[in-house]
Amino acid sequence: MSIKYTKDHEWVSAEGGAATVGITVHAQDALGDVVFVDLPEVGKTFAQGEVAGVVESVKAAADVFMPVSGEITEVNEALRADPSLANSDPLASGWFFKVKLSEPAQLDALLDAATYDKFAAES
């Protein structure tokens with residue numbers, strides 16, 4: 001299992017032809033207390049870079065972009081019920097959705113942890 005990151009502050013944990021997507025620690029720190037998430041519909045297909053959801057905090061609303069092309073296979077209903085999971089556990093129980101990858105090679109262009117950390121520190 002490998003975790004990759006986008007410059008839009010999403011993380012992707014891919015294994016085989018599937019991936020789990022969420023927002024990074026940096027993103028949730030910048031947003032503050034998350035109060036609402038708009039998750040995509042299961043079965044919907046997105047291209048890489050398309051808006052797949054929205055996360056709202058007490059400070060701002062931000063789009064959640066699709067880090068890789070694919071079909072939504074599951075959404076985190078626990079997150080919908082308790083959006084604060086995006087703050088308390090963004091890399092585990094605060095995941096947003098799962099996707100069946102249509103182009104797994106897209107993962108290769110995403111950032112590794114060290115590169116993302118450097119990018120986040122500079123942004």
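Me: Leaving aside its neighbours within four places in sequence, with which residues is Lys59 in contact?

Reply: Contact here means heavy atoms within 4.5 Å. By that criterion Lys59 touches Asp29, Ala30, Leu31 and Gly32. Please note that this is a predicted model, in which local features need pLDDT of at least 70, side-chain atom pairs count only at pLDDT 80 or more, and totals for chains, interfaces and linings use all residues. Residues are numbered from 1 along each chain as its sequence is written, and side-chain values use heavy atoms, with hydrogens and water left out.

Me: Which backbone oxygen lies 3.3 Å from a polar atom of the Lys59 side chain?

Reply: A polar contact is a pair of N or O atoms within 3.5 Å; within protein, one must be able to donate a hydrogen and the other to accept it, and residues adjacent in sequence count only if both atoms are side-chain atoms. For Lys59, the oxygen belongs to Ala30.

Me: Is Lys59 buried or exposed?

Reply: Buried means under 20% relative accessible area, exposed over 50%, and partly exposed in between (1.4 Å probe, protein chains only). Lys59 is exposed because its relative accessible area is 59%.

Me: What does UniProt place at Lys59, and where in the fold is this residue?

Reply: UniProt positions are given in the numbering used here, feature names are shortened, and annotations may be inferred rather than shown by experiment. The unreviewed UniProt entry gives "modified residue: N6-lipoyllysine" at Lys59. Helices (H or I, at least four residues) and strands (E, at least two) are DSSP runs, numbered from the N terminus. Lys59 sits in the loop between β6 (51–57) and β7 (61–65). The same record places "domain: Lipoyl-binding" at residues 18–100; that stretch is 19% helix and 42% strand, with its end C-alpha atoms 5 Å apart.

Me: In what order do β4, β6 and β7 form a sheet?

Reply: Strands of a sheet pair through backbone hydrogen bonds, either parallel or antiparallel. Two strands pair if DSSP finds at least two bridges between them. Here the open sheet has the order β4-β6-β7, with antiparallel pairing. Its edge strands are β4 (34–38) and β7, each pairing on one side only. Four bridges join β4 to β6, and Val37 has Val55 as its bridge partner in β6.

Me: What is the order of the open sheet of six strands?

Reply: The order is β1-β2-β3-β9-β8-β5, again antiparallel. The edges are β1 (2–5) and β5 (45–46). β5 pairs with β8 (residues 70–75) over two bridges: Thr45 is partnered with Glu71, and Phe46 stands opposite Gly70. Gly70 also stands opposite Leu101 in β9, and β8 and β9 (residues 97–101) pair over five bridges.
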